[in-house]
Amino acid sequence: MGDGRRSEAATLPVWDPDSQMRILSEQDVRAAVDMEAAVDAVARAFAALSSGEAEAPVRLALESEGGPTLYMPARLGAGVVGEEPIVGAKVVTITPANGERGLPVIQAVVMLLDAVGGGVRALLEGTWLTALRTGASGGVAAKLLARTDASVVALFGAGVQARTQLEAVRCVREVSEVRVVSRTRASADRLIAELEGVAARRVEHPGEALRGAHVVIAATSSSTPVFDGRAVEPGAHVTGVGSFTPDMREVDATLVRRARVFVDQRAAALAEAGDLLGPIRDGAFDASMIVGELGDVVRGAVPGRTSDEEITFFKSVGNAVQDLAVAALVLRVAEQRGLGMPFDL
């Protein structure tokens with residue numbers, strides 16, 4: 001039997017290897033794609049991943065002096081974003097000590113390749129793109145899993161990711177109140193001062209933040225649970241995005257047991273998500289209890305929220321199909337508007 005991809009490739013245009021690649025800065029990425037567009041692109045990427053139209057191997061992590069460096073390749077099939085298939089990769093560094101130095105904890109770069117001819121099409125600043133696409137994943141989850149009347153958000157964390165998570169939820173739900181819980185009072189106050197159109201306040205006790213909350217977001221660097229799962233009220237939706245290793249747990253086993261659990265990618269979650277692996281090791285949860293990938297819900301293969309009283313939990317560790325979907329959209333807009341800098345390798 002022949003290789004289906006090769007026969008398909010014969011009918012697709014080949015990127016001219018003599019063409020210039022495009023370098024896109026954070027400013028270019030911000031100008032090209034807003035959160036609403038990112039939510040749509042990430043939803044399509046999740047659906048493609050769950051249906052087999054996209055591939056994302058579990059990322060490779062290498063430890064260095066400052067922290068882990070993650071290598072994340074992926075492929076999107078034709079039609080996911082634009083008419084052509086997309087191949088690429090992200091390299092991201094996570095340097096916890098940078099927070100105290102006033103530097104970004106997460107830094108990244110994304111490379112897009114021509115899937116047919118193999119040429120380098122673009123190099124994108126990936127730090128903001130990572131924040132954007134991760135926020136967008138929370139937006140997709142809230143759209144599919146939160147109650148339609150959800151209006152009160154309990155936000156754990158006050159960094160960049162907390163901001164993009166909240167922005168994405170506000171794209172899909174009419175949020176009227178935000179309660180911010182942060183280890184650093186000043187960071188919470190800065191975030192609150194930035195918010196417009198909602199009643200926002202800093203809350204010292206997690207239980208107070210959870211009381212009556214419809215959407216709960218955990219976007220911290222904590223290695224231990226940031227709230228008591230018993231305090232999450234029926235009908236709430238929880239998104240956890242901060243923990244990304246087997247030893248990190250923002251959410252406790254009580255919440256995991258109470259909720260219908262969804263993940264961004266099953267293989268990655270079972271390799272990296274301490275929020276799930278901890279309860280599995282303790283015998284409090286089983287992998288078979290994961291309802292499905294978020295992409296299964298996007299394409300209608302698995303139901304999302306089934307009642308106003310159930311608790312839903314979306315656990316995200318992130319994967320490169322999210323990066324490639326948003327990056328490809330950025331590149332398409334950049335080519336149309338002349339954004340970025342053409343560069344000859």
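## A walk through the model

Start by selecting Leu60, Leu62, Tyr71, Val91, Val109, Met111 and Leu123: together they make a nonpolar surface patch with about 520 Å² of accessible area. (Such a patch takes residues with over 30% relative accessible area and no salt bridge, joining nonpolar side chains within 5 Å; the areas come from the Shrake-Rupley method with a 1.4 Å probe, and only the protein chains shown count as cover for residues.) The elements that give two or more residues to this nonpolar patch are β3 (60–63) and β6 (106–114).

Before going on, know that this is a predicted model: local features need pLDDT of at least 70, side-chain atom pairs count only at pLDDT 80 or more, and totals for chains, interfaces and linings use all residues. Residues are numbered from 1 along each chain as its sequence is written, and side-chain values use heavy atoms, with hydrogens and water left out.

Stay with β3, the strand that holds Leu60. (Strands are DSSP E runs of at least two residues, helices are H or I runs of at least four, and both are numbered from the N terminus.) Four bridges join β3 to β4 (residues 68–76), and the two run antiparallel; strands pair if DSSP finds at least two bridges between them. Pick Glu63 and you'll find Pro68 of β4 opposite. In the hairpin between them, click Gly67, which has a positive phi near 155 degrees.

Now hop to Arg59, whose side chain meets that of Glu272 in a salt bridge (3.1 Å, N to O). (That's a side-chain nitrogen of Lys or Arg within 4 Å of a carboxyl oxygen of Asp or Glu.) Glu272 sits in helix α10 (residues 266–272) and Arg59 in the loop between β2 (54–55) and β3, 213 residues apart.

Next, show the open sheet of eight strands, ordered β10-β9-β8-β11-β12-β15-β13-β14, with parallel pairing. Which strands stand at the edges? They are β10 (199–202) and β14 (290–293); each has a single partner strand, so one side of each lacks a neighbour in the sheet. Inside the sheet, zoom in on Ile217, whose bridge partner in β12 is Thr239. Contact here means heavy atoms within 4.5 Å.

Last stop: α3 (residues 35–51) and α6 (residues 160–172), whose axes come within 9 Å and cross at roughly 85 degrees. Axes are lines fitted to C-alpha atoms, for helices over the stretch in contact, with angles from 0 to 180 degrees between N-to-C directions. The two helices, α3 and α6, are therefore roughly perpendicular, a label for 65 to 115 degrees. Select Met35, Glu36 and Val39 in α3, and you'll see them meet Thr164, Glu167, Ala168 and Cys171 in α6.

Key: Patches are made of residues with over 30% relative accessible area and no salt bridge: like charges are joined within 9 Å, nonpolar side chains (Val, Leu, Ile, Met, Phe, Trp, Tyr) within 5 Å. Angles under 35 degrees count as roughly parallel, over 145 as roughly antiparallel, 65 to 115 as roughly perpendicular and the rest as oblique.
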